[in-house]
Amino acid sequence: MSSDALNPAAVAQSVEDVQGDGRWISLHTRFVQECKDAEPDVLFVGDSMVQLMQQYEIWRELFSPLHALNFGIGGDTTCNVLWRLQNGELDNIRPKVVVLWVGTNNHHHTAEQVAEGVLTIAQLLTSRLPKAKIVVLGLLPRGERPNPLREKNATVNVLLRSWLPRLSQVQFLDAGAGFVHSDGTITQQDMFDFLHLTPVGYRAIAKPLSDLLLQILDEMPEERRASLL
């Protein structure tokens, strides 16, 4: 592992408003406001994989009942999520579990840099939320057929599986293996654009994630579980 100071994927950075509509910062501002009004037990944070989950029935079925907030923004990298969390998206809330899913958009970074970026975010979360559990989701395979980006994401997952156990509050969940078929292809039934999940794809991810979240919440001390009842 290299020093975070030398790793561009672990440097907090906001998104430049290239399009001129202020959409990214507007979403961030909305999330910060939600922190003042909500008391989530579960916080989801990440890129479009998190953001789009909220559009499907699976969110209302499995995650809304857990008092979950969704702080996903399409296109975000580890740098962007790190900046958001350092600039208000953790203020005034004390979730019991945080689900982190980010890294597939870090196109200009190596697999090791991406993994270190995710690790840096996890370290921030454990520092700011010392009583919370952190679930880091593995990066999904991408592309209809084998390609360098898919190989890179797989390498990121190998590194995360090795590094994250150093943080006692953090668990790694890789639920993406079933999307690649025996011939190496991914189908549109699971990923409509060979990156983003369909309702079928989200259900495959959501079931093991929901089971893990329920297990974590159930294992919490009685006084911390009371608010869930």
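Biologist: What makes strand β1 (residues 42-46) count as mostly covered?

Modeller: Five of its five residues are buried, buried being under 20% relative accessible area, with exposed over 50% and partly exposed in between (1.4 Å probe, protein chains only). V42, F44 and G46 point one way, L43 and V45 the other, and all are buried. A strand here is a DSSP run of E with at least two residues, a helix one of H or I with at least four, both numbered from the N terminus. This is a predicted model: local features need pLDDT of at least 70, side-chain atom pairs count only at pLDDT 80 or more, and totals for chains, interfaces and linings use all residues. Residues are numbered from 1 along each chain as its sequence is written, and side-chain values use heavy atoms, without hydrogens and water.

Biologist: Nice! Why is N153 called buried?

Modeller: Its relative accessible area is 3%, which is under the cut-off, so N153 is buried. N153 belongs to helix α6 (residues 148-163). Leaving out residues up to four places away in sequence, N153 touches T104, L139, L140 and R142, a contact meaning heavy atoms within 4.5 Å.
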